[in-house]
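Subject: The structure for you to look at

Hi there,

Here is the structure I promised to pass on to you. Have a look around it first, then read on for what turned up.

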Amino acid sequence: MSITLGNKWLMSIRVLTAVIIGYGLTVLYTVAISKTLMILGLTKVNATVSMQLLSFLIYSIVVMWVFSVASLRKLWLHITYSMIISLVLIYLINMGLQ
Amino acid sequence: MKDTFTKSMSWLHTWASLLLGWLLFFIFLTGTLGYFQKEITQWMKPELPISVNKFTQQELVQIAMNHLKKEAPSSKKWLIKLPNSRENILSVTWSHVRKDKATAMGGHGGGRGKRTTHIINPHTKEIVKPRRTGGGGLLYRMHYRLHYVNARTVGRYIVGIASMLMLIGLITGIIIHLRKILKDFFTFRQDRNLHSWLDGHIFTSVLALPFHLMITYSGLAFFVFTYMPLTALANYDGDMRNYIQEAFPREKAIKIQGIKEPLASIEQMRKNAEAYFGSPIKSISIINQGDSSAIVNFTRENSTLFSSEKADKVYFSGIDGKMIENQSPNRPKATRARDILTGLHRGDFANIYARWLYFLSGVLGTFMIATGLVIWTKKREAKQKDTLGFKLVDNLNMVTIAGLPIAVAVYFWANRLIPIDVPKRAMQEADAMFIAWLAVSVFVFSVNSRKMWVVLFYLSATLYALLPISNFFLTGRHLAITIAQGDWTLVWMDLMLFFTGLAFWYTGHKVQKKISS
Amino acid sequence: MSIFISGIILLGLFFLSLILSYPYKRLFGVKPSGKYTVYLHLLGWGMLVVGMILSIKTYGVGIGITYWFGYITLMAFLLVIGLSYKTKKEKKC
């Protein structure tokens, strides 16, 4: 099973992306979603803990997604987009909550 | 990266599962044994009195109360643990609480003073001192603490990474087989090639799939606060303490009043508690004993899972013996969801049948990991047989799959053979287990041959099958006595050990035929 | 009650297994015609659902569902072992 690694370099970049960036993305998503849930009326503690509980599912989906996107460039582009979107969302909600 | 989605998922399934597969095997095996940890502990303490269950709870409580009144009349915190269907032990614990510290209604806190535990033999009303051992509890704790890792968080992180890989392995596995899942499942071919290994892997995976998903996910849920602190920090502006307080509100604390008053009739309260639960009592704790603020709290034998946690406890005022409500704050709904997940994981609610089912599912999970690891080598046998990586995986498979059961057997043997009065005895038992495992790995890596499978399986078979027989010579708690006395926990332990031996003998026999053909 | 639920779930799984050609051929010697597939699906899943309802009625929602999964695991284990045992016997003949 000689995988179409491209080469070992690209493969290790992908693994690191999945593990580290994937974790960061998961945290961002959970924060963004829990803030949204708070707007929708859930208490802070319930929103936080439920998103923490769901985070493992989100993390696995993110990791699987990282390994399924064909080109690395496309992958990075998507990652940047989703990071910006969730950061903006978190920022806006924070403004709104204050 | 890969041409199709399924193919890349298949790649991920292979490598994510392989990476910490051996650790996962260890976690699953020790965790599965954990479902019978109390039974194992009982077996590992042969000095415990036999057939304690013949006493009624009323008699046992009386004996325990008399003992406490004699030994610790001034202690503010008493705890009585009664024998139940799983544990044949009557024990009392007391501790001296600092006056300024308040104890929570459930019995936690109160400035941990020196705690003393006595196990009482109800026949003679004397104290029993069983040999010092980690028992089944140590095996159980290994599966999330990894014995030699001292810093708890480090152990949690390692186990957490393994669990994450397991979860990814499960989800990718489901994706690969999604379409043919039913078909693959009922196809269990018993021939001798890769197919039979694959069938075995799929069979054990799909059969207990709900269990595998539940156990992996709920395992992660245990330490959700260790694994995902950033989410909480972001929502609570970096104030972790505030978050913990909201997520896990403290139980109401009961201050000592300093006015001496005698305790009301415990027997009356016990009767009321039994009627309230509709099931026998597991433990009784008396908080602020001898004070006018005394509270008596009972827990039930089979805890419930889905009702609120308060349903498992009932409180009485120690002075007039009337039932009182628990005024502790309720846990938030999301925390309750986590509690249910962890409750499912631990299986505390399970009666004996459900417990066996948990055990069976755990064994299936262990087999799933083992077959998966073997398939990795089977697939690469033809092409990469002489590469270093292949040899490494092949040998590690032997060390883990065939070697770990030997290590566990050595743990049991160490319990029987290490002299009773050796200092740090419990630690030495565990050391023996890991030294045995190390010895197996040195042996396997130096011999470097598939024949080691057979040797190790036969060794396992011998070690397990001889354990129940050794009881005739080493402990006196042998089958003839335990059956006559009706101590079914010990009977089952001995029988299971013997059957495990037989199963390993059968496996060794099969593998031997396969290798020689 | 638990024996009754186990029986119903075992039967349901048995019907579902008949949809597939492998066990069917082992049992009846011919390939399934495919005529009854729909009915087998209905019968099989129906019995699993009945088993679930009975389990929930007996044990309550939470524990009932948990035990239902447990029953399926146990019964499927027995069924697959039974089917493969039958296969082995036939091979020897």
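Let's begin with two helices of chain B. Helix 2 (residues 21–34) of chain B packs against helix 5 (residues 135–145) of chain B at an angle of about 140 degrees, and their axes are 7 Å apart. Because angles over 145 degrees would be needed to count as roughly antiparallel, helix 2 of chain B is oblique to helix 5 of chain B. Their crossing is left-handed. Please keep in mind that this is a predicted model.

Which residues make this contact? From helix 2 of chain B they are B:I27, B:T30, B:G31, B:L33 and B:G34, and from helix 5 of chain B they are B:G136, B:L139, B:Y140, B:M142 and B:H143. Sorted by class, the contact of these two helices has five nonpolar and five polar residues, with no charged ones.

Next, the sheet in chain B. In chain B, eight strands form an open sheet with antiparallel pairing, and their order is 5-4-2-1-7-8-9-10. Strand 5 (126–128) and strand 10 (323–324) of chain B are the edge strands, as each pairs on one side only.

Helix 4 (residues 57–71) of chain B touches strand 1, strand 2 (91–95), strand 4 and strand 7 of chain B, and its direction makes about 135 degrees with that of strand 4 of chain B. Helix 13 (residues 266–277) of chain B touches strand 7, strand 8, strand 9 (313–317) and strand 10 of chain B, and its direction makes about 40 degrees with that of strand 8 of chain B.

Now look at strand 7 of chain B, which both of these helices touch. Why is strand 7 (residues 281–287) of chain B described as largely enclosed by the rest of the structure? Six of its seven residues are buried, so the rest of the structure largely encloses it. Strand 7 of chain B has these two partners:

- Strand 1 (residues 77–81) of chain B runs antiparallel to strand 7 of chain B, with five bridges joining them. Here B:W78 stands opposite B:I286.
- Strand 8 (residues 295–300) of chain B pairs with strand 7 of chain B over six bridges, again in the antiparallel sense. Here B:I287 stands opposite B:I295.

Chain B also meets chain A. How many residues does each chain bring to the contact? Chain A gives 26 residues and chain B gives 31 residues. On the chain A side, helix 1 (8–39) and helix 2 (44–68) of chain A each supply at least two residues. The largest share, 17 residues, comes from helix 2 of chain A. By class, the residues on the chain A side are 13 nonpolar, 11 polar and two charged.

Finally, chain C. This chain has four helices and zero strands, giving the pattern α-α-α-α along the sequence. Of its 93 residues, 30% count as buried. Among contacts in chain C between residues at least 6 apart in sequence, 64% join residues at least 24 apart.

Enjoy exploring!

Best wishes

Note on methods:
Residues numbered from 1 in each chain as written. Chains lettered and ligands numbered in written order. Predicted model: local features only at pLDDT ≥ 70, side-chain atom pairs only at ≥ 80, totals over all residues. Contact = placed C-beta atoms within 7 Å. Nonpolar A, V, L, I, M, F, W, Y, C, P; charged D, E, K, R; others polar. Buried ≥ 20, exposed ≤ 12 C-beta atoms within 10 Å, placed from the backbone. Axes fitted to C-alpha atoms, helices over the stretch in contact; angles between N-to-C directions. Parallel < 35°, antiparallel > 145°, perpendicular 65-115°, else oblique. Left-handed = near helix turned anticlockwise from the far one by under 90°. Pairing = 2+ DSSP bridges.
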